[in-house]
Amino acid sequence: MKIEPELLKKAVHTWGKQAQLLMVLEEMSELQKEILKNINRGKENLDEIIDETADVEIMLEQLKYIFDIEQQVTDRIPIKLNKIRVRLEG
Ligand SMILES: [Mg+2]
């Protein structure tokens, strides 16, 4: 799902780049915590994983906007995917 760019820009301009970069880390940490709970404790926390994955995706969109790297990331993805393809298929 493409996140409305104007909303992301408003968030960054309202709360500031530094606060939003810290929020990227905070949301990634929350997702890590839920993944660890799922693995280590065999916890059935799919809803929490969905929630935190959504948070991280939203924050990654803001990260790309803050550093103005949307296109570079888009361009890098097929290169990364191709490396994975080569590792898998030789
Ligand atoms: Mg969260």
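1. Two residues are in contact here if their C-beta atoms, placed from the backbone, lie within 7 Å. With that in mind, of the contacts in the chain with a separation of 6 or more, 61% are accounted for by residues 24 or more positions apart. The structure under review is a predicted model, and the points below should be read with that in view.

2. On confidence, the chain averages a pLDDT of 96, and 99% of the residues score at least 70. Among the elements of the chain, the lowest mean pLDDT, 96, belongs to helix 1, whereas the highest, 98, belongs to helix 3.

3. What are the overall dimensions of the chain? Its C-alpha trace spans about 40 × 35 × 20 Å along the principal axes. The radius of gyration of the chain is 16 Å, while a compact globule of 90 residues would have one near 12 Å. Buried residues, for their part, make up 8% of the 90 residues in the chain.

4. Just after helix 1 comes G16, which takes a positive phi of about 95°.

5. How does helix 1 sit against helix 2 (residues 17–40)? The axes of the two helices come within 6 Å and cross at roughly 115°. Because angles of 65 to 115 degrees count as roughly perpendicular, helix 1 is described as roughly perpendicular to helix 2. On the helix 1 side, the residues that meet helix 2 are A11, V12 and W15, and their partners in helix 2 are K17, A19 and Q20. By type, the residues of this contact of helix 1 with helix 2 divide into four nonpolar, one polar and one charged.

6. Helix 1 (residues 5–15) also packs with helix 3 (residues 46–67), at an angle of about 70° and with the axes 10 Å apart. That angle makes helix 1 roughly perpendicular to helix 3. Here L8, K9, A11 and V12 in helix 1 meet E61, Q62, Y65 and I66 in helix 3, and the residues of this contact divide into five nonpolar, one polar and two charged. A reader comparing the two lists will find A11 and V12 in the contact with helix 2 and again in the contact with helix 3.

7. Is S29 buried or exposed? This residue of helix 2 has 12 other C-beta atoms within 10 Å, and because a residue with 12 or fewer counts as exposed, S29 is exposed. Between S29 and Q62 there are 33 residues of separation in sequence, and their C-alpha atoms are 16 Å apart in space.

8. A last point concerns D68, whose place is in the loop between helix 3 and helix 4 (70–89). Its phi is near 55°, which is a positive value in a residue other than glycine. D68 counts as exposed because it has 8 C-beta neighbours inside 10 Å.

Methods. Residues numbered from 1 in each chain as written. Predicted model: local features only at pLDDT ≥ 70, side-chain atom pairs only at ≥ 80, totals over all residues. Axes fitted to C-alpha atoms, helices over the stretch in contact; angles between N-to-C directions. Helix = DSSP H or I, 4+ residues; strand = E, 2+ residues; numbered from the N terminus. Parallel < 35°, antiparallel > 145°, perpendicular 65-115°, else oblique. Nonpolar A, V, L, I, M, F, W, Y, C, P; charged D, E, K, R; others polar. pLDDT = per-residue confidence, 0-100. Rg over C-alpha atoms; globule rule 2.2 N^0.38 Å. Buried ≥ 20, exposed ≤ 12 C-beta atoms within 10 Å, placed from the backbone.
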